[in-house]
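I start with how its parts sit together, then turn to a single residue.

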Amino acid sequence: MRRRQFLGGLAATALVSAVGAQEGLRLSLQGSAVQGFPLFVSLTGPTEAPEIDWQGKQYKMVSSGERWRAVVPIDIDCPAQATLKVAGLERSLSVKHRNYGMQYLSISPSTLASYDDPQNKADDVAILNVIKRTEDPQLWKGNWVLPCQAPESTGFGQKRLYNGWKKGWHKGLDLAGWEGQAITAPAAGRVIHRARGIVNGNTLVISHGLGVFSSYFHMNDFAVGANETVEAGQQIGSVGGTGGFAPHLHWETRCYGAPVFPKAFLQLPADWR
Ligand SMILES: [Zn+2]
């Protein structure tokens, strides 16, 4: 879990900006069309909340000034061509493949068994239940910052093979902080979940609005409570190894439940800062 992975620089590029067939409708897709990245969608024109159809799922857009906005996930295994539909408009995207790497892990049978423990599954379901939908408008302002000033120890998206047979993948990125090191909110938001998981350890989930959530696992302790509003840079807890791990922060960012590349939020498209 200590293998350092260097990731290429990110370019937030405008993908599509076009006037639709229906007069006054303006759809803009921004971000990087890459597997595992967030896609930033805005639409001007409709009077009622439009619903996006993307990769077989529906996402309701949220009002933001005179625009509707949503941040939708490009799945880590999204096919090379995908079509986004909203308000009678269609945009076909060429999605770049990204190789996030592979990790072979040997762990004790009891640790491996704990992943399948019904309580661990219930811990994960409780998180998923609070991050599927949102009515929160965009709560962040500016580019995000890393929640812990520590080197990356395991990158986002690595496929994993445990003990030669059990498959998984790394849904967040690991920051090798020391026990007790401050964890700060990477952006403004609202704490929507605080729990003590058996594998995830002490867990916090923050809603940042528009369907974007961040979560923090294995924390030593909490500095904020459920339903508290947090500012960017505010301490939310400290690094720990709860759940039975060496101390580190496992940090996830998700769009409507699906894990996306956390570093994409450190360099946002201009309209989304
Ligand atoms: Zn991790």
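This is a predicted model: local features need pLDDT of at least 70, side-chain atom pairs count only at pLDDT 80 or more; totals for chains, interfaces and linings use all residues.

I first looked up the spacing of the two domains: the C-alpha centres of domain 1 and domain 2 lie 26 Å apart. The assignment puts domain 1 at 13–94 and domain 2 at 102–267; such bounds come from an automatic or database domain assignment.

Residues are numbered from 1 along each chain as its sequence is written.

Next I checked where the domains touch. I found 15 residues of domain 1 in contact with 14 residues of domain 2 (contact means C-beta atoms, placed from the backbone, within 7 Å). On the domain 1 side, β6 (62–64) and β7 (67–73) are the elements that give two or more residues. Strands here are DSSP runs of E, at least two residues long, numbered from the N terminus. β7 gives the most to that side, with five residues.

Then I turned to W178. I found W178 in the loop between β14 (173–175) and β15 (182–184).

Lastly, I looked up its partners. Leaving aside neighbours within four places in sequence, W178 is in contact with V239 and P247. C148 is 30 residues from W178 in sequence, and their C-alpha atoms are 9.9 Å apart.

Note on methods:
Helices (H or I, at least four residues) and strands (E, at least two) are DSSP runs, numbered from the N terminus. Two residues are in contact if their C-beta atoms, placed from the backbone, lie within 7 Å.
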